[in-house]
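Please look over this structure with its side-chain contacts in mind.

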Amino acid sequence: MTVQAIISNMGPPRAILLPALLLMLIISFVFFLQSFNSADFSSSTTVVSATKNDTVDLKSATHQESLAKHALNSSLGFGEIVYISMPDRTDRQDAMTLLASSFGIKLKLIPGVRGSEMSPKAMPDGLYRKTRPSELGCWRAHVNAWRHLLDSDMDTLLIFEDDLDWNTNLKKTMETLSLQMQNSKIRLSEPSDYERANAPYGLDWDVLDIGSCKDSGHPDFKDISQIWDDPDVPDIGVTKQNQLMYDSLHNFGLTDADIGKKRLLAPAYLTVCTSAYAITRQGAERLLMAMSYIGFRNAVDTDMSRAFREGRVRGYMLTPPAISQFRIGGSKDTDNRDPGDPRLGSTINGHGNLHGFSANLRGSARKWMVDNMKLNNWEDYKRIKQEKLAEVAEESSLPARG
């Protein structure tokens with residue numbers, strides 16, 4: 001008998017009741033499936049979900065150490081790492097790809113911009129009349145990186161330029177920095193539970209400068225700093241070659257006995273270069289406001305430093321830096337000067353990557369990378385062949401068995 005026949009034999013009241021019951025059963029089953037699929041049956045997919053059940057002490061050393069381990073991942077604990085490179089500088093892109101691959105880091109390219117090709121209508125207000133097109137293009141590429149963060153769901157973004165070097169223990173340096181910032185003595189407010197749960201470096205800053213060429217602290221706030229031992233800072237002899245940085249460390253209270261052993265974090269004031277820096281979402285907003293919406297003058301690093309000094313953007317600077325520029329000599333060292341500029345020199349070749357150098361670092365990731373990839377294939381085969389010949393000779397010298 002069909003369902004329709006059964007319903008017909010039941011009479012009007014029951015004929016109405018049975019379909020209603022069937023519909024309720026179907027709806028209940030659908031809700032059950034939805035709740036089943038949305039349930040979290042893992043131990044805790046994020047620290048935030050764990051805190052709802054009070055299973056994680058966000059202030060515990062164990063949690064802080066676990067969060068700091070994010071600095072060992074492929075984005076150094078930030079949402080993502082991007083690097084800025086002119087489309088035609090494939091030589092630098094090759095180098096950055098090698099460097100990133102050698103150290104387990106993932107990079108995303110933000111194409112550089114030619115300032116000479118920008119629309120006059122897109123020029124920012126207040127542009128200094130002597131600003132070079134290359135400086136304008138550099139600014140635009142950095143602005144595009146800030147927009148990249150705001151167009152995403154990430155909390156932070158680390159921005160590199162394409163001529164970098166770092167010490168071989170960069171990830172360990174950043175892990176230590178994370179622990180220091182989670183236990184910061186210089187931030188202005190207590191971290192939120194969200195920060196404690198998800199942000200290895202906190203979120204109380206706009207810009208975290210880890211690759212300044214030179215820096216100096218605010219003259220009225222020399223007592224605001226955080227200092228710790230770090231075996232990967234450069235020797236004092238290296239630091240002395242950067243007079244501004246050397247003097248800055250002294251002004252924060254470090255002695256010559258400390259320099260070469262300790263690293264320092266302080267509010268950003270005077271900084272030079274934008275080689276490597278991180279931004280938060282509010283940082284991207286403030287930078288866009290201060291250096292695009294309101295206006296821009298002549299160079300992205302000097303304008304950012306001006307924003308620090310005027311108090312319009314909140315930053316931290318790491319001294320000595322964790323990342324430095326890599327120099328090979330000649331005009332290939334910069335894309336921020338126009339062709340024919342006498343400061344570029346007459347040669348495009350310079351000394352080459354193998355003879356390049358970095359300042360403000362202990363050791364060089366680039367030089368380590370070259371040594372690590374060295375291979376003498378035929379010497380390896382020669383060694384194996386000699387070992388086999390030695391085995392044959394040894395077997396032939398053994399007495400025959402009766």
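Helices and strands here are DSSP runs, numbered from the N terminus; a helix has at least four residues and a strand at least two. On that basis, C273 is found in the loop between β9 and β10. The model is predicted.

## The disulfide

How many disulfides does a search of the whole structure find? The search finds 1. C213 and C273 form this link, with their sulfur atoms 1.9 Å apart. The two cysteines come from distant parts of the chain, 60 residues apart. C213 sits in the loop between β5 (207–209) and β6 (214–216). C273 sits in the loop between β9 (270–272) and β10 (276–280). The link of C213 and C273 is left-handed, with -100° about the S-S bond.

Are C213 and C273 buried or exposed? Both are buried. For C273 the relative accessibility is 15%. Buried means under 20%, so C273 qualifies.

Another cysteine, C138, has a relative accessible area of 23%.

## Aromatic contacts

The structure holds 6 aromatic pairs. One of them joins W139 and F296, whose ring centres are 5.0 Å apart and whose planes meet at 20°. Planes under 30 degrees apart count as stacked, so the W139 and F296 pair is stacked. This pair also links distant parts of the chain, 157 residues apart. W139 belongs to helix α6 (residues 133–150). F296 is in the loop between α11 and α12 (300–309). W139 and F296 are both buried.

R140 lies over the face of W139, at 5.2 Å from the ring centre. A lysine is placed in a like manner elsewhere: the charged end of K222 sits over the ring of F252, 5.2 Å from its centre.

Which residues form one aromatic cluster? They are F103, F160, W166 and W368.

## Salt bridges

The structure holds 22 salt bridges. The table lists some of them.

| Salt bridge | N to O distance |
|---|---|
| R286 and D206 | 2.8 Å |
| K262 and D229 | 2.6 Å |
| D303 and R306 | 2.6 Å |

Take R286 and D206, whose side chains meet in a salt bridge. The pair links distant parts of the chain, 80 residues apart. R286 is in helix α11, and D206 is in the loop between α8 (193–198) and β5. R286 is partly exposed, at 40% relative accessible area. D206 counts as buried, at 1% relative accessibility.

Next, the side chains of K262 and D229 meet in a salt bridge. K262 lies in strand β8 (residues 262–267) and D229 in strand β7 (residues 226–229), so the pair ties together parts 33 residues apart in sequence. K262 is partly exposed, with a relative accessible area of 22%. D229 is exposed, with a relative accessible area of 54%.

D303 counts as buried at 5% relative accessibility. R306 counts as buried at 16%.

Salt bridges also form a network. R89, D91, R92, D162, K332 and D335 are linked in it.

## A nonpolar surface patch

Which residues make the nonpolar surface patch of about 370 Å²? They are M289, Y293 and I294. Y293 has its place in helix α11 (residues 281–293). Its relative accessibility is 68%. Exposed means over 50%, so Y293 counts as exposed.

## Backbone features

A cis peptide bond joins T319 and P320, with omega about -10°. P320 lies in the loop between β11 (315–319) and β12 (323–327).

N360 has a positive phi, near 70°, in a residue other than glycine. N360 is found in the loop between β13 (357–358) and α13 (365–372). At 7% relative accessibility, N360 counts as buried.

Methods:
Residues numbered from 1 in each chain as written. Heavy atoms only, no water. Disulfide = S-S within 2.5 Å. Buried < 20%, exposed > 50% of the residue type's maximum accessible area, 1.4 Å probe, protein only. Patch = residues over 30% accessible without salt bridge, like charges linked within 9 Å, V, L, I, M, F, W, Y side chains within 5 Å. Areas by Shrake-Rupley, 256 points an atom, 1.4 Å probe, with all protein chains shown as cover. Salt bridge = Lys/Arg side-chain N within 4 Å of Asp/Glu carboxyl O. Phe/Tyr/Trp six-rings, centres within 6.5 Å; stacked < 30°, edge-to-face > 60°. Lys NZ or Arg CZ within 6 Å of the ring centre and 35° of its normal.
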